[in-house]
Amino acid sequence: MEQAPPDPERQLQPAPLEPLGCPDAGLGAAVGKEAAGAGEEDSGVDTMTHNNFWLKKIEISVSEAEKRTGRNAMNMQETYTAYLIETRSVEHTDGQSVLTDSLWRRYSEFELLRNYLLVYYPHIVVPPLPEKRAEFVWHKLSADNMDPDFVERRRIGLENFLLRIASHPILCRDKIFYLFLTQEGNWKETVNETGFQLKADSRLKALNATFRVKNPDKRFTDLKHYSDELQSVISHLLRVRARVADRLYGVYKVHGNYGRVFSEWSAIEKEMGDGLQSAGHHMDVYASSIDDILEDEEHYADQLKEYLFYAEALTVRTFSLKGMTTKLFGQETPEQREARIKVLEEQINEGEQQLKSKNLEGREFVKNAWADIERFKEQKNRDLKEALISYAVMQISMCKKGIQVWTNAKECFSKM
Amino acid sequence: MGTLGGAGLAAAVAASRARTLGMEGERRASQARSSGLPAGGADGDSQGGSAPFPGSSGSSALLQAEVLDLDEDEDDLEVFSKDASLMDMNSFSPMMPTSPLSMINQIKFEDEPDLKDLFITVDEPESHVTTIETFITYRIITKTSRGEFDSSEFEVRRRYQDFLWLKGKLEEAHPTLIIPPLPEKFIVKGMVERFNDDFIETRRKALHKFLNRIADHPTLTFNEDFKIFLTAQAWELSSHKKQGPGLLSRMGQTVRAVASSMRGVKNRPEEFMEMNNFIELFSQKINLIDKISQRIYKEEREYFDEMKEYGPIHILWSASEEDLVDTLKDVASCIDRCCKATEKRMSGLSEALLPVVHEYVLYSEMLMGVMKRRDQIQAELDSKVEALTYKKIDTDLLPEEIGKLEDKVECANNALKADWERWKQNMQNDIKLAFTDMAEENIHYYEQCLATWESFLTSQTNLHLEETSEDKP
């Protein structure tokens, strides 16, 4: 799991494993917050400590989000959200944490980091980013990127993203990642200087050549099928969940109307008045309780979405040429894509010939890739199980609230 | 329920008492049976069939004497009509005074089930097709221990038209009593076919309610047309329907009614102003509540429809997962169980709450009609008084007419007041019960869902404990 990528890639290797100018040999990362995937860093840390004699741990948090205005590349004014990333180092002995770095980043910089990692670690399942635009939205939930709830959920998603990288045994040692956390200015330039966009092209060639040898590893075929299915089923689930949420919202909110009408009615009733009035109040409480309930459920949906994006990334990675190019270079027209693919396919055929002589490296690559996939699978099983359990916990909480409100209402009704 | 206001209702109560006594002897029965309400005058309260007493109207003089004797005992007895002809609008029923004994006893009527002696069910809707039309009849079974019924059990078939006829007759006979509402003729929105199953079932239940409410009403229960409705064979009913005030007299009434309503009500007494205000506000609120309740049902139904799809997705998912199969399947089954619980909640709502609220929507329309009729009766009096004051025509006859009208107004007012109290009491009980039931349905729903998810959690925790204990070396 610790092996450096094989030879053909060496020219494309990321910066030296040891981060520049930092006394600690490696950054073993501990999860600072209870964000998802709390389990896996332990194995990472253990192997870390095994290889490093500096036992520094860091905590990363995306603690704030702020609306900013600035000028974009075309000198037009734009509004965007910036996120504050704070890094703390934790003393092993006494557990106290000290703020070592804090800087602001926007979503596009996270995207840049991820794209870089995708190119330089093709054998690693790179964690996905939270969605750029709100999808699977149920009607009352805002699809507006500036909506505070959306921003908040995105903040959590970005934090989760960083924590996943920090707890990955290989990714956490990447210099560019380190600089992302520590070097506010010039970071973009530094990333671009690695020339990773250019290398993406030849990477693609090499990558797909590996997988298109005469007898592809059955495991990868299975993986592709699995990731397709996972993508499809999670999308379906999220869509239906959004519709269910919409309906549930409707049920709760309509009850709020009772509150108003009962109150007006109570004015003309002598004996029933009090009961009606107080029952109406409970109807209002019931109606307003749905907002928090559904907000919590959004977090559950986010957990599922993460794995949807993981699955999408897996699908792309294993076989989809088209997807890869789109992700790195933006949307192309179908014709452009077709042309590009034709070119690449020709190059691949050439590459295939070349690779025959490099089978050993190829096998090494596959072995490493598969190791990371195993790691990913275990993480996925843990996380999804936890998510499903947390869903049950949410339902239980919703039921308890419901019982309480209706018991109160019943009492008021019976006193009428 | 509180004690019934108004001597009339007390009389009705007494009548029920007396009725049991009446079983012993016809004569006692005839005396004991009361007109039910002090407004025996204007309303011409019809009585439970007195087949044994065809010539009773002839004994009105005798009856009057008895009535007058009782005047000093109860103030509200003053409103008993002095003129038998005004009392009887229904050609089939003579007016009966209350017995002294029964007048003194004021009992709670509706709350005593052992006094209920008329049981009606409406069921078995059946479609009939003729060359001209298609219609539905409902089977009506009546079981009774009342003497005035020829038998103790009756089975007849009636169609909606017949119910309409009955309601019309009751309104005619008792213009200021609160007649129970009938379900609507058609439901305008969303109805493709008149004879859709849900529609028929809802209507059947409402018709059942309608007849039982009449049976429970202290006055209406003795109405002759009601009895005929419950007992007559089809041809008998048809021929009976053809009798009664002719078209012309009915038209005359309508013309007078329109004329007086156009004049407006100048002297509506304070209490009726209050009543009217209440009715208007109540009508607004109950209509809103009806809309809200229907909407809730609709939303719950749509929620249920979406939920049905939600569980199976988890099963689908479990097919591609190895480690998560059990968890996913368990989640799916929890969702399905909650789905069933939702269905049950919905049906509870549609049984307990919706029909009750809707009935009171219809009641509120009825009430407005009752207020109008009361106002009309008063307007008749007012116009005559006006005529007396200004026109001075036929001054000899007018005072007598006015006297009758004054009685009529007083009877109408008292009938309404008494029935109003009764109606309000019923309304409070019914609304209270309906909403309490709704709350109960919701509590039950959430309790079921809670149990489902809690047992899921427990099983997951147990599994986890098993796994971790297995992992330990």
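A salt bridge is taken here as a side-chain nitrogen of Lys or Arg within 4 Å of a carboxyl oxygen of Asp or Glu. The legends below describe close-up views of a predicted model.

**View 1. Salt bridge between B:D216 and B:K116.** The side chains of B:D216 and B:K116 form a salt bridge, with an N to O distance of 3.2 Å. B:D216 belongs to helix α8 (residues 197-216) of chain B, whereas B:K116 lies in the loop between α6 (100-104) and β1 (118-129) of chain B, so the contact ties together parts that are 100 residues apart in sequence. B:D216 is partly exposed, at a relative accessible area of 27%. B:K116 is likewise partly exposed, at 30% relative accessibility.

View 2. The closest N and O atoms of B:R139 and B:E124 are 3.4 Å apart. B:R139 is buried, with a relative accessible area of 16%, whereas B:E124 is partly exposed, with a value of 40%.

**View 3. Salt bridge between A:E298 and A:R153.** In this pair the closest N and O atoms are 3.7 Å apart.

**View 4. Salt-bridge network in chain A.** Through shared partners, salt bridges connect A:E131, A:R153, A:R241, A:E297, A:E298, A:D302 and A:K305 into one network. Over all chains, the count of salt bridges comes to 53.

**View 5. Confidence along chain B.** Chain B has a mean pLDDT of 75, and 67% of its residues reach 70 or more. Confidence in chain B is highest in helix α12 (residues 270-318), at a mean of 94, and lowest in helix α3 (residues 40-43), at 36. Over residues 1-111 of chain B, pLDDT stays under 50, and the model has 194 contacts beyond four places in sequence for this segment. Where pLDDT is low, the predicted coordinates should not be read in detail. The model scores ipTM 0.74 and pTM 0.72.

Terms used:
Residues numbered from 1 in each chain as written. Chains lettered and ligands numbered in written order. Predicted model: local features only at pLDDT ≥ 70, side-chain atom pairs only at ≥ 80, totals over all residues. Heavy atoms only, no water. pLDDT = per-residue confidence, 0-100. Helix = DSSP H or I, 4+ residues; strand = E, 2+ residues; numbered from the N terminus. Contact = heavy atoms within 4.5 Å. Buried < 20%, exposed > 50% of the residue type's maximum accessible area, 1.4 Å probe, protein only.
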